[in-house]
Amino acid sequence: MDFRRVKEYFSWLYYQYQIITCCAVLEPWEQSMFNTVVLTIFAMVVYTAYVFIPIHIRLAWEFFSKICGYHSTISS
């Protein structure tokens with residue numbers, strides 16, 4: 001594995017992120033504030049998905065298993 005190529009790839013990805021979000025035209029303190037907000041929102045979305053998606057999948061499984069007549073082996 002060539003670490004230089006990996007570093008260049010991540011540098012390219014960060015450059016693409018800056019171009020897409022127009023973050024390249026901001027001042028350094030504005031970039032840090034913007035990146036903090038984006039990172040916070042991303043972290044909240046990941047946490048919410050981690051907490052609530054398994055619950056919704058379990059509830060959907062129970063709903064459709066009752067409709068189809070399957071019995072759950074998991075006792076509540």
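Q: Let's start with tyrosine 9: is that residue buried, partly exposed or exposed?
A: In this predicted model, tyrosine 9 is partly exposed, at 46% relative accessible area.

Q: Which ring does tyrosine 9 pair with in a stacked arrangement?
A: The partner is tryptophan 12. Their ring centres are 6.1 Å apart, with 25° between the planes. That angle is under 30 degrees, so the pair counts as stacked.

Q: OK, what about tyrosine 14 and tyrosine 17: how are their rings arranged?
A: Those two make a tilted pair. The ring centres of tyrosine 14 and tyrosine 17 are 6.0 Å apart and the planes meet at 35°.

Q: How far apart are they along the helix?
A: Tyrosine 14 and tyrosine 17 are three residues apart in helix 1, so about one helical turn separates them.

Q: How accessible are tyrosine 14 and tyrosine 17?
A: Tyrosine 14 has 39% relative accessibility and counts as partly exposed. Tyrosine 17 is partly exposed too, with a relative accessible area of 24%.

Q: How many aromatic pairs are there in the whole structure?
A: A search of the whole structure turns up four aromatic pairs. Some of the rings are also linked into a cluster, made up of Tyr9, Phe10 and Trp12.

Q: What else do Tyr9, Phe10 and Trp12 take part in?
A: Together with Leu13, they make a nonpolar surface patch of about 450 Å².

Q: Tell me about leucine 13, then: where is it?
A: Leucine 13 lies in helix 1. Its relative accessible area is 35%, which makes leucine 13 partly exposed.

Q: Switching to charges: how many salt bridges are there?
A: The count comes to two salt bridges. One of them joins glutamate 8 to arginine 4, with the closest N and O atoms 3.5 Å apart.

Q: How are glutamate 8 and arginine 4 spaced in helix 1?
A: They are four residues apart, about one turn of the helix.

Q: How accessible is each of them, glutamate 8 and arginine 4?
A: Glutamate 8 is partly exposed, with 44% relative accessible area. Arginine 4, at 62%, is exposed.

Q: Which residues form a salt bridge at 2.9 Å?
A: Glutamate 62 and arginine 58 do, and that distance is between their closest N and O atoms. Both belong to helix 2, residues 28-68, and sit four residues apart, so about one helical turn separates them.

Q: Last topic: where does UniProt place the "transmembrane region"?
A: The unreviewed UniProt entry places that feature at residues 35-57.

Q: What does the model show for residues 35-57?
A: The span is 100% helix and 0% strand, and its end C-alpha atoms lie 32 Å apart.

Terms used: Residues are numbered from 1 along each chain as its sequence is written. This is a predicted model: local features need pLDDT of at least 70, side-chain atom pairs count only at pLDDT 80 or more; totals for chains, interfaces and linings use all residues. Side-chain values use heavy atoms; hydrogens and water are left out. Rings of Phe, Tyr and Trp (its six-membered ring) pair if their centres lie within 6.5 Å; planes under 30 degrees apart count as stacked, over 60 as edge-to-face and the rest as tilted. Buried means under 20% relative accessible area, exposed over 50%, partly exposed in between (1.4 Å probe, protein chains only). Helices (H or I, at least four residues) and strands (E, at least two) are DSSP runs, numbered from the N terminus. Patches are made of residues with over 30% relative accessible area and no salt bridge: like charges are joined within 9 Å, nonpolar side chains (Val, Leu, Ile, Met, Phe, Trp, Tyr) within 5 Å. Accessible areas come from the Shrake-Rupley method with a 1.4 Å probe; for residues, only the protein chains shown count as cover. A salt bridge is a side-chain nitrogen of Lys or Arg within 4 Å of a carboxyl oxygen of Asp or Glu. UniProt positions are given in the numbering used here, feature names are shortened, and annotations may be inferred rather than shown by experiment.
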